[in-house]
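Please look over the sequence and the model below before reading on. The report then takes up its strands, cores and backbone.

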Amino acid sequence: MTGDRVDHFQPATTAEHLLWLLGRHGVEHLFLNPGTDSAPLQEAVAVLGKAGVVIPKVVTCSFESVALAAAHGYWQVTRRPQCVFVHVDVGTQNLGAMMHNALRDRAGVVVIAGRTPYAEEPGAPGGRSHPIHWQQDVPDQAGIVRGYAKWVMEITRPDMLARAVGRAVQVAAGGVPGPAYLMVSRDVLMDPPAADPGRTTGYALPRPPAADPDTVRWIAGRVAAAERPLLVTAKTGRRPEGFLAVTRLADLGRMRVVDLAESGCLNIATTHPMNVLTADGARRAVAEADLVIVADADVPWVPRFGGPPEDATVVHIADDPLKTDIPLWTFPVDVAVTADGPTALAQIAERLEEMGHTMPEARPPREPRPAAPPAHGAIGAREVVEALNAVLRPQDAVVEEAVTSAVVLHEVLERTRPATLFGTGSPGLGWGLAGAVGVSMASPGTRVVAVVGDGAFMFGVPTAALCLAAEAAAPIMVVVLNNDGYRASRLPVFELFPQGLSALRGDAEGTRFSAPPDLAAVARACHAHGETVTDRADLPGALRRGLEAVEAGRSAVVDVHIARD
């Protein structure tokens, strides 16, 4: 926050009023990518800072998608919405796939976009003053994000500002969280503020919905009677209480747990014996289960590769079990429960205790990890993850956007504490770098390590992301699993055409980089530590030096060249 707290002040402009309202609603950071429409806000920051008024801390971002990814990462740690300001329609377009990620990951964030000015007459404060103000006047600016924003509104008058900001923060964080999108033109921002500053209280967030008692008793009874109960979850562990609820239910119900690899969070310790670690093991567990509880998972299994037996009972727990934002979602469900995953699983565990179930005195040995392949030839992704296990501390935060190496990361990485693994579990590539910066901003003193593919590194606008890390004093170490191209786009060609020419020659058009950049040099150009690793003997030392850089307040990139396929 800027300045010592001053609760009572008289704003001179609507822009000053907007910043004050954001601060009063608990927004701590304004991720700003400035343009011609942000000038009233920029002046308001200076004025209010001098007056000692509490407003969000402005963090300069050189690209919009990076700003949104960082705000998203901050939300994952804190569950508090932050604000992103972008420049009219073009800045909104540059948010790109990060809007999709925020939708799918249920990330609460408030996006404020400028709007081309309305006034044209001479002398109108903030009115149109450049040809671009006509060029940026598009028919439906909000339509750019309408399919991905939870809520959309334009602020057209100063007297609606307080209600619009309060509603934006409330909607972003409450119920099923998601991005809220506000628009405001610079001439409105320069208008005199409303005479009444408006209330900043009374925007309560709904309490997490619980399952009804009869449903809890029924599910607990089925868990107790099942011979092969299974819990499949993706995002219940996003909150620490969810991690604890999953662990408790696994112990009390003797339930195996499939912690989906693409979830982007840690739902149960990787060392827990009931954690089904491997993808093959997960498919077998689903195929053998007589009771499957699905909690907070968009895709509990892929039907193409199997599913539960026809006589198995499937219980689906989610804040929206109908998945209305996914048009074709038809997984078989016998009992659908509208409830918060952590809350409902904790209820079931409590009911099992009431039924006499107890925590095991000694847990059975955990499922053995797959045997490591011999260390020869090119470095493997598994070797990199094992090297990370040797240098990471239990409290370190790992941010994952490893794409085709995500399964290996999930099977091999050791994480035992809640809130030590982050990702979106979403389709928009390029989140990992700035998402890690957001996690670092929200976790001062925590070492944050992002594990990304080389394609994800470049999608993440690395110059902008590393610049943001420096601007925000939020250093990260980026470990690049560099397989020299887009393996995620190559594998479907081999899958669909197993006897095709691409498969026979082991390559697919458009998936190799003929002249890839020197990623370590990119890091050094952004004042970060940068190393390239091609020899496995150099890997441990490079990782340690990267972490030392982070501890010294400087970001690092360790570009590890791994086997192509």
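The sections below describe a predicted model, part by part.

Strand S1 covers residues 29-32, and both of its faces are covered. His 29 and Phe 31 lie on one side, Leu 30 and Leu 32 on the other, and all four are buried. In a regular strand, side chains alternate between the two faces of the sheet.

S1 runs parallel to strand S2 (residues 57-60), to which four bridges join it. Within this pairing, Val 59 of S2 is the bridge partner of Phe 31. Together with helix H2 (residues 39-51), S1 and S2 form a right-handed β-α-β unit. S1 also pairs with strand S3 (residues 82-86), again in the parallel sense, over three bridges. Here Leu 32 stands opposite Phe 85.

## Nonpolar cores

Phe 31 is also one of the residues with the most contacts inside the largest nonpolar core, along with Val 84 and Val 478. That core has 54 residues. Beyond its neighbours within four places in sequence, Val 84 is in contact with residues including Leu 30, Phe 31, Ala 67, Leu 68 and Ala 71. Its contacts also include Leu 95, Val 109, Val 110, Val 111 and Ile 112.

Another core, of 34 residues, lies apart from this one; among its members are Leu 18, Leu 32, Trp 151 and Val 165.

## The six-strand sheet

An open sheet of six strands, with parallel pairing, has the order S13-S12-S14-S15-S17-S16. Strand S13 (421-422) and strand S16 (529-533) are the edge strands, each pairing on one side only. Strand S12 (residues 397-401) and strand S14 (residues 448-453) run parallel and are joined by five bridges. In this pair, Val 399 stands opposite Ala 450 of S14.

Helix H15 (residues 432-442) lies across S12, S13, S14 and strand S15 (477-482), and runs at about 170 degrees to S14. Helix H21 (residues 539-551) packs on the sheet as well, touching S14, S15, S16 and strand S17 (556-561). The direction of H21 makes about 170 degrees with that of S16.

## Two arginines with positive phi

Arg 106 lies in the loop between helix H5 (97-104) and strand S4 (109-115). Its phi is near 55 degrees, a positive value in a residue other than glycine. Arg 106 counts as buried because its relative accessibility is 14%, and the cut-off is under 20%.

Arg 254 is not a glycine either, and has a positive phi of about 50 degrees. This residue sits in the loop between helix H10 (240-252) and strand S8 (256-259). Its relative accessibility is 44%, so Arg 254 counts as partly exposed.

Notes:
Residues numbered from 1 in each chain as written. Predicted model: local features only at pLDDT ≥ 70, side-chain atom pairs only at ≥ 80, totals over all residues. Heavy atoms only, no water. Buried < 20%, exposed > 50% of the residue type's maximum accessible area, 1.4 Å probe, protein only. Core = buried A, V, L, I, M, F, W, Y, C linked by side-chain atoms within 4.5 Å. Contact = heavy atoms within 4.5 Å. Pairing = 2+ DSSP bridges. Right-handed = clockwise from strand over helix to strand, strands pointing away. Axes fitted to C-alpha atoms, helices over the stretch in contact; angles between N-to-C directions.
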